[in-house]
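Hello,

Here is the structure we talked about handing over. Please look at it first; my notes follow below.

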Amino acid sequence: MKLFEGVQFGKTKLLRLGIVLYGFRITLSQLAYAGWPALLTDVFVVGSTFWLAMVIGRRFKLDSHTAALVGAGSAICGAAAVLAAQPVLKAKEHAVSVAVATVVVFGTVAMFLYPLLAGLLFSGGIPDAGQFAWGVFTGGTIHEVAQVAAAGSAVNQTVADVAVITKMIRVILLARFCCFCRGL
């Protein structure tokens, strides 16, 4: 019984604290570097991805908690968002399993696919503006922080830097998102 209580404590309190502390690694100068394009992209991606997950979930007759957890993981930060949203939604463990598996599989595919797409789109080399834009795209759409870092680094260091900053802005949105989830 003590093991279960320890896992629950780690899943809820420690995970949330870890996400918040990880978000503090971003400096104001890094946020200024990514700027409004990254913030606006992230707000749009989080809102539209969550909405789309709910619509697709209804279409495939998923229960609302599973759809919301898949949406949270896809919109914000993968498995960490799923685990952070679970107690807020009071979702069952099977919904968590489905959501974590979904975001991990799709995020892993994206991690390998995005560098290939960048190579195809920018076969002659990526111009500076293109590197910034590809970094925002990568950080704004891939699920896990590690997947974003790997996909960005596979292109170049500038893309990786912008992608990770953009991704961390999405992570910062997790607390606000969990407040939103209380109403579901």
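At roughly what angle do the axes of α3 and α4 cross? They cross at roughly 140 degrees and come within 7 Å, where axes are lines fitted to C-alpha atoms, for helices over the stretch in contact, and angles run from 0 to 180 degrees between N-to-C directions. The two helices are therefore oblique to each other (under 35 degrees is roughly parallel, over 145 roughly antiparallel, 65 to 115 roughly perpendicular, the rest oblique). In contact (heavy atoms within 4.5 Å), residues of α3 including His65, Leu69 and Ile76 meet residues of α4, among them Val82, Gln86 and Leu89.

This is a predicted model, in which local features need pLDDT of at least 70 and side-chain atom pairs pLDDT 80 or more, while totals for chains, interfaces and linings use all residues. Residues are numbered from 1 along each chain as its sequence is written, and side-chain values use heavy atoms, without hydrogens and water.

Helices are DSSP runs (H or I, at least four residues), numbered from the N terminus. Helix α5 covers residues 93-121. Its buried residues (under 20% relative accessible area, 1.4 Å probe, protein chains only; exposed is over 50%, partly exposed in between) include Val96, Val103, Met111 and Tyr114. The buried residues of α5 pack against α3, α4, α6 and α7.

Two loop residues remain. Lys61, between α2 and α3, has a phi near 60 degrees and is exposed at 76% relative accessible area. Lys90, between α4 and α5, has a positive phi of about 60 degrees and is exposed at 68%.

Regards

How values were computed. Expected span 1.5 Å × (residues − 1).
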